[in-house]
Amino acid sequence: LLAGRPGHPEAEGIAVGRRLVGINLVASCAFVIGGSLFAAGAYLAQRGEALVVVNTTYLVGGFFFSLGAYASVLLVVNAPQPRPGGPPASGGAMRWWGRRRGQRDWRGAVVLFVGTLLFAVSLVAAFASGLTPRQSDGWIWLPDMLGCLCFLVSGHLAMLEVGGGHVAVRPHDLTWWVVAVNQLGSVLFVLAGLAAFVRPATSTEVDAGLVNWGTFAGAVCFAIGGVIQSIDRPTPTTLEEQPSHDHTRQA
């Protein structure tokens, strides 16, 4: 009876658990949609479709990537925090931003979010016409490359978090699969980003095929990671039994 009363620790724990399940669902769906649209954009580019169609597809996909990354931050800042010698402290009111000093999962989520904002700069700049190779590299390639590196760093921090401080292979851990698949996507994004550099001498990309297919494969990885993340969701029971970092999901 007491557990059903507002303010009771068990009731608060269940409320926080439901909140995190909802945020996790938003994050996973956003990554599925964002990854799917990026894959579609890369496929359309490879087919030679109109540039405005390709860029619009990428831009909408980038919005969902940013939404998923922001939701990943919310997962961390709203998770119950471990207390020495006791159960995790319940979260209370919904937090829309916050800092978690010394937590790898918080740093990884923030770096991921920054990476999506850098992508946004690149995706918007792609609509500009008449850019010189130098301008194209400065406004499109550079932010895109920095965004790819942010994804890679975020994925590495997530791998360390899942591995307890080191990179480990844990095929029986569903959370590990979320992180590992997304990190593979990050590696493919980096390769595609490197190939997208516009050479001033020729005004062409280093390897347009690698740009498109690398982006396509990397985006598919993030879409798959989002599907797995929707299955590997936090529950009120586990929130009360485990440290908070076990219930945050990030790309």
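# Burial, ring pairs and helix packing

Me: Why is Phe119 called buried?

Reply: Phe119 has a relative accessible area of 4%. The cut-off for buried is under 20%. So Phe119 counts as buried. The model is a predicted one.

Me: What makes Phe189 buried or exposed?

Reply: Its relative accessibility is 3%. Buried means under 20%, so Phe189 is buried.

Me: How many aromatic pairs does the whole structure hold, and why is Phe63 with Phe64 called edge-to-face?

Reply: A search finds 18 aromatic pairs in the whole structure. For Phe63 and Phe64, the ring centres are 5.3 Å apart and the planes stand at 80°. Pairing needs centres within 6.5 Å, and edge-to-face needs planes over 60 degrees apart. The rings therefore form an edge-to-face pair.

Me: How do you know which class of accessibility Phe63 and Phe64 belong to?

Reply: Phe63 has 52% relative accessibility. Exposed means over 50%, so Phe63 is exposed. Phe64 has a relative accessible area of 22%. That value falls between the cut-offs of 20% and 50%, so Phe64 is partly exposed.

Me: What makes Phe119 and Phe189 an edge-to-face pair?

Reply: Their ring centres lie 6.2 Å apart, with the planes at 80°. Centres within 6.5 Å make a pair, and planes over 60 degrees apart make it edge-to-face. So the pair is edge-to-face.

Me: Why does the pair of Phe119 and Phe189 tie together separate parts of the sequence?

Reply: Phe119 is in helix H3 and Phe189 is in helix H5. The pair therefore ties together parts that are 70 residues apart in sequence.

Me: Which residues are linked into a cluster by ring pairs?

Reply: The cluster holds Phe31, Phe38, Tyr58, Phe65, Phe119, Phe151, Phe189 and Phe222.

Me: What makes Phe222 buried or exposed, and in which helix does it lie?

Reply: Phe222 lies in helix H6, residues 208-231. Its relative accessible area is 0%. The limit for buried is under 20%, so Phe222 is buried. Phe222 and Ala30 are 192 residues apart in sequence, with their C-alpha atoms 10.0 Å apart in space.

Me: How do you know how H3 and H4 are oriented to each other?

Reply: H3 spans residues 104-125 and H4 spans residues 133-162. They pack at an angle of about 160°, with axes 8 Å apart. Over 145 degrees counts as roughly antiparallel, so H3 is roughly antiparallel to H4. Their crossing is left-handed. The residues of the contact of H3 with H4 comprise 18 nonpolar, six polar and five charged.

Me: Why are H4 and H5 called roughly antiparallel?

Reply: Their axes cross at roughly 155° and come within 9 Å. The threshold is over 145 degrees. H4 and H5 are therefore roughly antiparallel. The crossing of H4 past H5 is left-handed. The residues that make the contact include Phe151 and Leu152 of H4, and Ser186 and Phe189 of H5. By class, the contact of H4 with H5 has 16 nonpolar, six polar and one charged residues.

Me: What makes Ser186 buried or exposed?

Reply: Ser186 sits in helix H5, residues 174-195. Its relative accessibility is 2%. Buried means under 20%, so Ser186 is buried. Neighbours within four places in sequence aside, Ser186 is in contact with Phe151, Leu152 and Phe222.

Me: Why is Val198 called buried?

Reply: Val198 has 12% relative accessibility. That is under the 20% limit, so Val198 counts as buried. Val198 is in strand S3. Not counting residues up to four places away in sequence, Val198 touches Pro133, Ser136, Asp137, Ser203, Thr204 and Glu205. The C-alpha atoms of Val198 and Thr132 are 9.5 Å apart, at a separation of 66 residues along the chain.

Me: How do you know the accessibility class of Ser203?

Reply: Ser203 has 47% relative accessibility. Exposed needs over 50% and buried needs under 20%, so Ser203 is partly exposed. Ser203 lies in the loop between strand S3 (198-199) and strand S4 (204-205). Its phi is near 60°, a positive value in a residue other than glycine.

Me: What share of the protein is buried, and how many helices and strands are there?

Reply: Of the 251 residues, 46% are buried. The protein has seven helices and four strands. Along the sequence, the pattern is α-α-β-β-α-α-α-β-β-α-α.

Terms used. Residues numbered from 1 in each chain as written. Predicted model: local features only at pLDDT ≥ 70, side-chain atom pairs only at ≥ 80, totals over all residues. Heavy atoms only, no water. Axes fitted to C-alpha atoms, helices over the stretch in contact; angles between N-to-C directions. Helix = DSSP H or I, 4+ residues; strand = E, 2+ residues; numbered from the N terminus. Parallel < 35°, antiparallel > 145°, perpendicular 65-115°, else oblique. Left-handed = near helix turned anticlockwise from the far one by under 90°. Nonpolar A, V, L, I, M, F, W, Y, C, P; charged D, E, K, R; others polar. Buried < 20%, exposed > 50% of the residue type's maximum accessible area, 1.4 Å probe, protein only. Contact = heavy atoms within 4.5 Å. Phe/Tyr/Trp six-rings, centres within 6.5 Å; stacked < 30°, edge-to-face > 60°.
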